[in-house]
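Please look over the sequence and the model shown here before reading on. The paragraphs that follow begin with one pair of elements and then widen to the chain as a whole.

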Amino acid sequence: MRTEFLRAGLWSWAEPGHLGVPLIGMLGWGYFALGAELIEQGDRARSAGQFAEAARHYEAAVQSFRASAGERAPDTLAAQSRMVLVLGELGRNAEQLKLAEEVLKLHVEVHGPRHTDTITAMNNLALAYRGLGRVDEQL
């Protein structure tokens, strides 16, 4: 996918320290493609234990998907779910809890209470409660 960005002249805008996500929005389709690439980069960084880097990629992916598909789009929600997990891995538990609550609310509204993505969001919320030592609430 990276070569597609290079060919389109978009990749340099997405590098750290640039305003890639807002600029690509003017091109429309670039938001979605960039979001997918950022998720892949975040997943690789997270797998390597580079949680801060993963968080940067996931946050940029969330912004990209929001701009291309909206707040309630499945890709936006999936990127936010990844962000919830990496916030916990970074020990940013208060932020993790707030985002986990928001993501679960959106999943329930979009998919309903029994959808597998909603159940995953419930699990992520339980992890956030556990990270804050609020074990009784995670049930």
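In this predicted model, helices H7 and H8 pack against each other at an angle of about 160°, and their axes lie 9 Å apart. Because angles over 145 degrees count as roughly antiparallel, H7 is described as roughly antiparallel to H8. The crossing of these two helices is left-handed. On the H7 side, the residues that make the contact are Asn93, Gln96, Leu97, Ala100, Glu101, Val103, Leu104, His107, Val108 and His111, while H8 contributes Asp117, Thr118, Ala121, Met122, Asn124, Leu125, Leu127, Ala128, Tyr129 and Gly131.

Asn93 belongs to helix H7, which covers residues 93–111. Is Asn93 buried or exposed? Its relative accessible area is 15%, and since buried means under 20%, Asn93 counts as buried. When residues up to four places away in sequence are left out, Asn93 touches Gly88, Gly131 and Leu132.

The partner helix, H8, spans residues 116–131. H8 has 16 residues and reaches 23 Å from its first C-alpha to its last, which is close to the 22 Å expected at 1.5 Å a residue. Its buried residues are Thr118, Ala121, Asn124, Leu125, Ala126, Ala128 and Tyr129. H8 is followed by Gly133, a residue with a positive phi near 75°.

The buried residues of H5 are Ala54, Ala55, His57, Tyr58, Ala60, Ala61, Val62, Ser64 and Phe65. Just after H5 comes Gly70, which takes a positive phi of about 105°.

These helices can now be placed within the whole. How many helices and strands does the secondary structure of the chain come to? There are 9 helices and 0 strands, and the pattern read along the sequence is α-α-α-α-α-α-α-α-α. Of the 139 residues of the chain, 38% count as buried. Among the contacts in the chain with a separation of 6 or more, 48% are accounted for by residues 24 or more positions apart. The chain exposes about 7,600 Å², and carbon and sulfur atoms supply 55% of that area.

Definitions and conventions:
Residues numbered from 1 in each chain as written. Predicted model: local features only at pLDDT ≥ 70, side-chain atom pairs only at ≥ 80, totals over all residues. Heavy atoms only, no water. Buried < 20%, exposed > 50% of the residue type's maximum accessible area, 1.4 Å probe, protein only. Helix = DSSP H or I, 4+ residues; strand = E, 2+ residues; numbered from the N terminus. Contact = heavy atoms within 4.5 Å. Areas by Shrake-Rupley, 256 points an atom, 1.4 Å probe, with all protein chains shown as cover. Axes fitted to C-alpha atoms, helices over the stretch in contact; angles between N-to-C directions. Parallel < 35°, antiparallel > 145°, perpendicular 65-115°, else oblique. Left-handed = near helix turned anticlockwise from the far one by under 90°. Expected span 1.5 Å × (residues − 1).
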